Amino acid sequence: MPAAELLRKTSFDNQTLRALVKRGLIKLREETVERDPHADEQFVATTNLELNAEQALALNKITDALAAPERAKPILLHGVTGSGKTEIYLQAIRVALERGRSAIVLVPEISLTPQTVERFKSRFAEMHEAVAVLHSHLSQGERHDEWHKIHSGRARIVIGARSAVFAPLKDVGLIIVDEEHETTYKQEEAPRYHARDVAVVRAKIEKCAVVLGSATPSLESYHNATTGKYELLTLSQRVDDQRMPLMRIVDLRQERRKEKIAPILSEKLSQAIADRLEKREQTILFLNRRGFSTSLLCSNCGEARNCPNCSVALTFHRHMARLSCHLCGHTAAVPKKCPECGKDSLIYAGFGTEKVESTVSHLFSKANVRRMDADSMTRKEAYRETLRNFRTGKIDILVGTQMIAKGLHFPNVTLVGIINADLALHLPDFRAGERTFQLLTQVAGRAGRGETAGEVFVQTYTPFSPSIQFARHHDFPGYFQQELEFRERCDFPPFKHAILITVRSAHEGRAKLSAETLVRRLKESLGSEFILGDTTPAPLEKLQGQFRFHILLRGEAIMRLSRLARETLDKLPLPEDVIATVDVDPYQLL
């Protein structure tokens, strides 16, 4: 037994042990003990499930790609939520392993990793030691041991977030990118890579099959599939003939007319939650905004408590009784009076997941309500414990941000409430509508995955938005077609590539002058086939104490455009405190 354990169970010390060794009564030896992040868990072995016709066809196509990867195109697996994409992944990986190859599985959120790991370790229970996990919530020691397990060849399946695409796995036969549309696959700091695109390139280099899976593929991937660059496989039905959830749109404008202020939960949604609690069914409430109140305003002078480093209002967090900035981490005490006018007239405006949890707990006092967001999931095991408790029925209502929006499979969830569908819809970004459509479809997909049909309530001030209406009818092809027309008309991706240059400095004037000078130089070096935008302040003009200005370049020949942009920047001497960053194919324009 480990010496530390023996000393803990007895009153011995190291001197006693050494004395016993001298007498030849015991032996001491050193062993390498690997830190396993899943050491305390029991995995019950599962077997292959029977596939329906669409699943079987998709698996056959992936198996063909495994057999002749040098001739195969990247595969886009477009399957509605609950159509059994994970089962196809599991069976395809089994085929790859039987052929002596290994596999990488990318998931977009750390919160999805525990459930994904459980499914994979259960399916490959006879060799669960060969499943390695890589994500940022591992301790340094666990990450070290998992990496060495992969590097030494003992691991044959790697599961992880975007950086797992670089895992030093030998003889890769299959790379799977689940929820390929997710923006979390794009790294916002240098190097600004997109894990999905890296996966496609790595598959080409290593001569292996690559599968991109999603219920709501990105426009770029779906366009590649419709033009023949990728192979498109479609799953149009949920497994076991489960019905798609019924989506009901709640017009918050009407709710506001009934009451002076719009309630957090509409009358219809409140009644639906009460019905589910009576039937002992579970509910998910989604709001992609953390905190208790989104701003602190003075009703006398109208001033908001803003972050000193960023162009955003500070969010009030009741659990720590402080104001906090979600961009730079700045925190401040809650003032008793307005710092501007000195009046005692401060009011809390807006709401986040913390307030939703508080309101729901108050309305349904007998229900067990839990919150799942970046504020409540600070402990390493918090994700796993919350998801386990939700699965076993200990939690009735789960309130959360986008970490509960995708990939999770809970058959007893029959109701999903989207508290405010407009949050991301009106952002100054050409992808705002696409992201809203994807998020609504993904969140709605958490409902009705068991025997009981699901229902989704979408609360919105813009009920006639195409993103909301197409999501309501689960019509991805319809949304894709109308969004594609808009993109083509405005010369946006996938018809043109984009490069976003951000010029930033703590001194606003120097940042602006540098950006304007850069635009003049770019005009001289770029040909007429490229579109060059003017210098504009970024939508989030100040971030972490730096003033930011954007320059957007668009064109079809991305290699040439990148080279010209780089050459122009290299020739331009910028002041010491001015930094220019280049993001090719940006995913955030904020």
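Reply: Happy to; below, we take some labels in turn and set each value against its cut-off. Please keep in mind that this is a predicted model.

Me: Let's begin with the aromatic rings. What makes Phe390 and Phe410 an edge-to-face pair?

Reply: The search of the whole structure finds 13 aromatic pairs. In the one formed by Phe390 and Phe410, the centres are 5.0 Å apart and the planes are at 80 degrees. Rings pair if their centres lie within 6.5 Å, and planes over 60 degrees apart count as edge-to-face, so the pair of Phe390 and Phe410 is edge-to-face.

Me: How do you know whether Phe390 is buried or exposed? And Phe410?

Reply: Buried means under 20% relative accessible area. Phe390 has 0% relative accessibility, so it counts as buried. Phe410 has 3%, so it counts as buried too. Phe390 is also one of the buried residues of helix α12 (residues 382-391), which include Tyr383 and Leu387.

Me: Why is the pair of Phe437 and Phe476 called tilted?

Reply: Their ring centres are 6.1 Å apart and their planes are at 40 degrees. Planes under 30 degrees apart count as stacked and those over 60 as edge-to-face, with the rest tilted, so this pair is tilted. It links distant parts of the chain, with Phe437 in helix α13 (residues 432-444) and Phe476 in helix α15 (residues 476-489), 39 residues apart. Phe437 has 1% relative accessibility and so counts as buried; Phe476, at 5%, counts as buried as well.

Me: Which cluster do ring pairs make with these two residues?

Reply: Ring pairs link Phe437 and Phe476 with Tyr222, Phe470, Tyr479 and Phe480 into a cluster.

Me: What makes Arg431 a charge over the ring of Tyr587?

Reply: The charged end of Arg431 sits 4.1 Å from the ring centre of Tyr587, and the distance cut-off is within 6 Å. Arg554 lies over the face of Phe492 too, at 4.9 Å from the ring centre.

Me: Now for Asp178 in strand β5 (residues 172-178). Why is no salt bridge assigned to Asp178?

Reply: The nearest side chain of opposite charge, that of Lys85, is 6.0 Å away. A salt bridge needs a side-chain nitrogen of Lys or Arg within 4 Å of a carboxyl oxygen, so Asp178 is buried yet has no salt bridge.

Me: How do you know that Asp178 and Tyr89 make a polar contact?

Reply: Their side chains are joined at 3.0 Å, and the cut-off is within 3.5 Å, so the label of polar contact applies. Tyr89 is in helix α4 (residues 85-98) and has a relative accessible area of 3%, so it is buried. Beyond its neighbours within four places in sequence, Tyr89 also contacts Leu77, Ile176, Val211 and Gly213.

Key
Residues are numbered from 1 along each chain as its sequence is written. This is a predicted model: local features need pLDDT of at least 70, side-chain atom pairs count only at pLDDT 80 or more; totals for chains, interfaces and linings use all residues. Side-chain values use heavy atoms; hydrogens and water are left out. Buried means under 20% relative accessible area, exposed over 50%, partly exposed in between (1.4 Å probe, protein chains only). Helices (H or I, at least four residues) and strands (E, at least two) are DSSP runs, numbered from the N terminus. Rings of Phe, Tyr and Trp (its six-membered ring) pair if their centres lie within 6.5 Å; planes under 30 degrees apart count as stacked, over 60 as edge-to-face and the rest as tilted. A charge sits over a ring if NZ of Lys or CZ of Arg is within 6 Å of the ring centre and within 35 degrees of the ring normal. Lys and Arg count as positive and Asp and Glu as negative; His and the chain ends are not counted. A polar contact is a pair of N or O atoms within 3.5 Å; within protein, one must be able to donate a hydrogen and the other to accept it, and residues adjacent in sequence count only if both atoms are side-chain atoms. Contact means heavy atoms within 4.5 Å.
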